[in-house]
Number of protein chains: 4
Amino acid sequence: MLNRVILIGRLTRDPELRYTPAGVAVTQFTIAVDRPFSGSNGEREADFIPVVTWRQLAETCANYLRKGRLTAVEGRIQVRNYENNEGKRVYVTEVIADNVRFLESNREGSQRDESYSGGEGYAAGGGGGGYNRPSQQQPSRNSNVDPFKDDGRPIDISEDDLPF
Amino acid sequence: MLNRVILIGRLTRDPELRYTPAGVAVTQFTIAVDRPFSGSNGEREADFIPVVTWRQLAETCANYLRKGRLTAVEGRIQVRNYENNEGKRVYVTEVIADNVRFLESNREGSQRDESYSGGEGYAAGGGGGGYNRPSQQQPSRNSNVDPFKDDGRPIDISEDDLPF
Amino acid sequence: MLNRVILIGRLTRDPELRYTPAGVAVTQFTIAVDRPFSGSNGEREADFIPVVTWRQLAETCANYLRKGRLTAVEGRIQVRNYENNEGKRVYVTEVIADNVRFLESNREGSQRDESYSGGEGYAAGGGGGGYNRPSQQQPSRNSNVDPFKDDGRPIDISEDDLPF
Amino acid sequence: MLNRVILIGRLTRDPELRYTPAGVAVTQFTIAVDRPFSGSNGEREADFIPVVTWRQLAETCANYLRKGRLTAVEGRIQVRNYENNEGKRVYVTEVIADNVRFLESNREGSQRDESYSGGEGYAAGGGGGGYNRPSQQQPSRNSNVDPFKDDGRPIDISEDDLPF
DNA sequence: TTTT
DNA sequence: TTTT
């Protein structure tokens, strides 16, 4: 009924941009969010939270975010599950972001903080601006094909998750 | 740096109240949150999100929440990981709640919505009111004992997660 | 850069649906949110927070919300200011909602919780479905006319606030 | 029942630290939050949102925040009202913060982002650390004295708002 | 596997 | 393994 997450933290690595077979951009990254208290051994711990963005927002994140950057993420928690190759059900929890704010500029001069949003409820136009987008055809929302199926390693994110 | 989640959904089962060896109450339940759009096959899907509460709030949840009840949860995302018995690292994502609102009363008459909060930053007093709490001694925050170790099945939640 | 509000409370009155001269639906209501603590004299207080919804969401709220209903509201804080008839600047703070959840059904039978969202980032289509909408023409986003100017009493909400 | 706000923006001025007659620190500042869209005339607008912090958090904000700094604020909306000297009821809306994150360090060297929280539900200790706190006595929570009454100009914030 |  |  309502599912809202807001995180501020730092990217643990550069973001990874990929495309579904239908040509929809999707970017994944992890942000490290320091916990507000120390662990049992006194050291400061962090939660490493996987974030997924789609379409235009995915391309903007891939272009502007880098490892270590302080970033704000707004979205919803999504829990996917799939059967792994040993027949065991695996649960994957991610934040599907519809708003990402770049809290640190690209260094070299003091550009303004740039920030972009989109995602859930993002206006018409399908896959976004899509410079360097490999495929022009609109992804069929009801397609049942496994997205990423051409992809080398087995990822399990699904175009079905696309809410727009 | 900032980690905030707000969910509204329904309990998939009655909550489970347990105690760490040190006597700290912890309640777990899952809430089903309907997604705001339909899946690829047209049906309405939901995310099933595990929630953990500690201390006084754990006991209140165990006493008042039941399967199917509409509930609001406020907290933070926590990602734990442990090595399973096959030596593989397993990641567990939960919402550690510090505020839970009971949006449906206990039926039979129209009681007011009751709601309780606590958790992160909850005031003094330690393990909470603790009627029917098995152990009176205060849990040592820096204890390294495996919580729940007497417990039948292997749970992997840690007292280290206790932020208060 | 980021502005997010989530409220759960009860309507203090029935919502008020109106239309701008350009035919854009706007609904206002106030929700009472109990404070999580008691005031200095021991009594429970509440904050009375004005909420504004636009377009399709405005019409849905006008149709389904009623005084006293428990309601969740998601949106952003907006601070407007205008000069009153004594030449003094007046500040008005409202929550512009883009997501409203009806946590109590319409009584008589246990209908499903219905919930609707829209607003900021709401898809194409302009003014929404708009049964009983008085004007068919699309509101010009850059119009400078005073909305509500035909309206009896002086309201000061502005079509400029329309983010979609 | 639930009232949560998260803002990211920049201070419009240096924060103002003051003390109630009972010696409780309170800091006020305004943060400017850019709207995610342009106004009717094409220019980028912002909301100017007043923020209030209490006790230890107030002192930390006064010490570390400065005009122009990018800042994240977490709290709740509070609506106060009072009668002004013309006998008219005036409504004041503020965000009572319980968590403030300093997203920009104090320049000169790359200090870590420091961030502090407290407020609602802040642990024991009363009025906070209170270096340079003028009064040592604990504020009586149920006192009915007008806070700030010694203060030059008429402010209307009330110790009754103190939720801890 | 993690960021500062 | 899931709620209405």
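**Figure 1. Thr60(A) is a buried residue, with a relative accessible area of 5%, in a predicted model.** Thr60(A) belongs to helix H1 of chain A, which spans residues 55-64. With a relative accessible area of 5%, Thr60(A) falls under the 20% limit and therefore counts as buried. Between the C-alpha atoms of Thr60(A) and Leu103(A) there are 14 Å in space, while the two residues are 43 apart in sequence. Cys61(A) is also buried, and its relative accessible area is 0%. In general, an α-helix has 3.6 residues a turn, so residues three or four places apart point the same way.

Figure 2. In chain C, helix H1 (residues 55-64) is largely enclosed by the rest of the structure, because eight of its 10 residues are buried. The buried residues of H1(C) are Arg55(C), Gln56(C), Leu57(C), Ala58(C), Glu59(C), Thr60(C), Cys61(C) and Ala62(C). For Cys61(C) the relative accessible area is 0%. Helix H1 of chain D, again residues 55-64, is mostly covered, with eight of its 10 residues buried. In H1(D) these are Arg55(D), Gln56(D), Leu57(D), Ala58(D), Glu59(D), Thr60(D), Cys61(D) and Ala62(D). A search for disulfides over all chains of the structure finds zero.

**Figure 3. Strand S4 of chain B pairs with S3(B) and with S6(B).** Strand S3 (residues 25-38) and strand S4 (residues 44-54) of chain B run antiparallel and are joined by 10 bridges. Within this pairing, Val33(B) has Asp47(B) in S4(B) as its bridge partner. The two strands form a hairpin with five residues between them, and in the turn Gly42(B) has a positive phi of about 90°. S4(B) is also joined by two bridges to strand S6 (residues 89-102) of chain B, and here the strands run parallel. In that pairing the bridge partner of Val52(B) is Ile96(B), a residue of S6(B).

**Figure 4. A salt bridge in chain B joins the side chains of Arg4(B) and Glu74(B).** In general, side chains of opposite charge can pair when their charged atoms come close. Over all chains, the count of salt bridges comes to 36. In the one shown here, the N to O distance between the side chains of Arg4(B) and Glu74(B) is 3.2 Å.

Figure 5. Arg80(C) and Glu94(C) are both buried. Arg4(D) lies in strand S1 (residues 2-11) and Asp98(D) in strand S6 (residues 89-102) of chain D, so the pair ties together parts that are 94 residues apart in sequence. Arg4(D) is buried at a relative accessible area of 12%, and Asp98(D) counts as buried at 9% relative accessibility.

**Figure 6. The largest cavity is lined by residues of chains A, B, C and D.** In general, rolling a probe the size of a water molecule over the atoms shows where empty space is left. The count comes to four cavities of 30 Å³ or more, and the largest cavity holds about 80 Å³ of space. Its lining consists of Arg4(A), Val5(A), Ile6(A), Arg4(B), Val5(B), Ile6(B), Arg4(C), Val5(C), Ile6(C), Arg4(D), Val5(D) and Ile6(D). At least two residues of the lining come from each of strand S1 of chain A, S1 of chain B, strand S1 of chain C and S1 of chain D. By class, the lining of the largest cavity has eight nonpolar and four charged residues, and no polar residues.

Technical notes:
Residues are numbered from 1 along each chain as its sequence is written. Chains are lettered from A and ligands numbered from 1 in the order in which they are written. This is a predicted model: local features need pLDDT of at least 70, side-chain atom pairs count only at pLDDT 80 or more; totals for chains, interfaces and linings use all residues. Side-chain values use heavy atoms; hydrogens and water are left out. Helices (H or I, at least four residues) and strands (E, at least two) are DSSP runs, numbered from the N terminus. Buried means under 20% relative accessible area, exposed over 50%, partly exposed in between (1.4 Å probe, protein chains only). A disulfide is a pair of cysteine sulfur atoms within 2.5 Å. Two strands pair if DSSP finds at least two bridges between them. A salt bridge is a side-chain nitrogen of Lys or Arg within 4 Å of a carboxyl oxygen of Asp or Glu. On a 1 Å grid over the protein atoms alone, a cavity is a set of points where a 1.4 Å probe fits but cannot get out, and a pocket is an open set with protein on both sides within 12 Å along at least five of seven lines; lining residues have an atom within 4 Å of a point. Grid points are joined across faces, edges and corners, and a volume is the space filled by probe spheres set on the points. Ala, Val, Leu, Ile, Met, Phe, Trp, Tyr, Cys and Pro count as nonpolar, Asp, Glu, Lys and Arg as charged, and the others, Gly among them, as polar.
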